[in-house]
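Reader: I am new to reading structures. Please take me through this one in short steps.

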Amino acid sequence: MCEFMATVSSTAVFSSEERVHRYLLTRKWQEEASKATVIMLNPSYADEIKGDLSVMKVMNYLVDEGFGCINVVNLFAYVSPTPESLANNKDAVGNKNDDFIKKAIEDSDMIIIAWGSDKKKYIRRKRAVMSLLKGHEAKIKCFKDKDGKMGRHPSRLGFDLELIDFTSND
C-alpha cells in the first residue's frame, strides 16, 4: 500500500468582508515550480476553500504540465455566478483590480488569457488589460479551441486543455 500526501495552500483576496470583489485567487502546491496567471472574466464562487469548475480545470492542467502555482485574476473583480451582472455595473472592475493583475503577471512564468472569445463584448476592458500585459507578450498563451477562437473560457472547453500562443486581433 502507498499513501500520498500533499498540501495545497489557498489564498483569496477580497475587497472587504462582504466579498463583493475578489482581486486574486491563488492555489500553490509546489513551492519551487513555475507559476501561471490566468485572466478570466469575473469571479464566480471560488474562494480560499471552495473551488469552481474553471479553476479546477486549469489547476489540473497546470499540475500535469509541471507548474506549482496558479494565480487567478479577472477582467472584472465583481463576484457573481452570472456574467450578465457585469452589464451596467459601474463598479464591476473594482478599484484595486489592475494593481492585482499587474502584480500577478509580474510574478508569473506564463499568462493564460481565458476571458472568453467574444471579440466585441467588453472590448474596452480587454484593451485596458492588454495594455497592462505590454512587455510580457512572449509568455501569453490561451487554450486551443477547435474553432480557432482565442481566449476561450475554460468552462466552455472539455477537460483535454491545450495551450497555444495568444494573438490579439481585436
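**Questions about a predicted model**

Reader: What does arginine 19 count as by its accessibility?
Author: Relative accessible area decides it: buried is under 20%, exposed is over 50%, and partly exposed is in between (1.4 Å probe, protein chains only). Arginine 19 has 34% relative accessibility, so it counts as partly exposed.

Reader: What kind of model is this?
Author: Residues are numbered from 1 along each chain as its sequence is written, and side-chain values use heavy atoms, without hydrogens or water. Local features need pLDDT of at least 70, side-chain atom pairs count only at pLDDT 80 or more, and totals for chains, interfaces and linings use all residues, for the model is predicted.

Reader: Where does arginine 19 sit, and what is its phi?
Author: Arginine 19 belongs to the loop between β1 (9–14) and β2. Strands (E, at least two residues) and helices (H or I, at least four) are DSSP runs, numbered from the N terminus. Most residues other than glycine have a negative phi. Arginine 19 is not a glycine, yet its phi is positive, near 60°.

Reader: What is the phi of tyrosine 122, and how accessible is this residue?
Author: Tyrosine 122 sits in the loop between β5 and α3. Its phi is positive, about 60°, although tyrosine 122 is not a glycine. Tyrosine 122 counts as partly exposed, with a relative accessibility of 21%.

Reader: At what angle do α2 and α3 pack, and how far apart are their axes?
Author: Axes are lines fitted to C-alpha atoms, for helices over the stretch in contact, and angles run from 0 to 180 degrees between N-to-C directions. Helix α2 covers residues 97–106 and helix α3 covers residues 123–132. They pack at an angle of about 40°, and their axes are apart by 10 Å.

Reader: Which residues of α3 do residues of α2 meet?
Author: Contact means heavy atoms within 4.5 Å. On the α2 side, the residues are Asn97, Asp98, Ile101, Lys102 and Ile105. On the α3 side, they meet Arg125, Val129 and Leu132.

Reader: Which residues of α2 are buried, and within what arc do they fall?
Author: The buried residues of α2 are Asn97, Ile101, Ala104 and Ile105. Seen down the axis of α2, they line one face of the helix, because they fall within an arc of 95°.

Reader: Which residues are exposed on the other side of α2, and what covers its buried residues?
Author: Lys103 and Glu106 are exposed on the other side of α2. The cover over the buried residues of α2 includes β2 (22–28), β3 (34–40), β4 (67–74), β5 (110–113) and α3.

Reader: Which elements do the buried residues of α3 pack against?
Author: In α3, the buried residues are Arg125, Lys126, Val129, Met130 and Leu132. They are on the same side of α3, because they cover an arc of only 150° around the axis. Those buried residues of α3 pack against β3 and α2.

Reader: Is arginine 152 buried or exposed, and which residues is it in contact with?
Author: Arginine 152 lies in the loop between β6 and β7. Its relative accessible area is 14%, so arginine 152 is buried. Leaving aside neighbours within four places in sequence, arginine 152 is in contact with Ile113, Ala114, Gly116, Ser117, Phe143, Asp145, Asp147 and Leu157.

Reader: How far apart in space are glycine 158 and glycine 148?
Author: Glycine 158 is in the loop between β6 (140–143) and β7 (163–165). Glycine 158 is partly exposed, at a relative accessible area of 36%. Glycine 158 and glycine 148 are 10 residues apart in sequence, and from C-alpha to C-alpha they are apart by 15 Å.

Reader: Which residues does serine 9 touch?
Author: Serine 9 lies in strand β1. At 38% relative accessibility, it counts as partly exposed. Not counting residues up to four places away in sequence, serine 9 touches Thr26, Arg27 and Lys28.

Reader: What separates the C-alpha atoms of threonine 7 and lysine 28?
Author: Threonine 7 is in the segment before β1, and it counts as exposed at 58% relative accessibility. Not counting residues up to four places away in sequence, threonine 7 touches Lys28 and Trp29. Along the chain, threonine 7 and lysine 28 are 21 residues apart, and their C-alpha atoms are separated by 8.4 Å.

Methods: Arc of directions from axis to C-beta.
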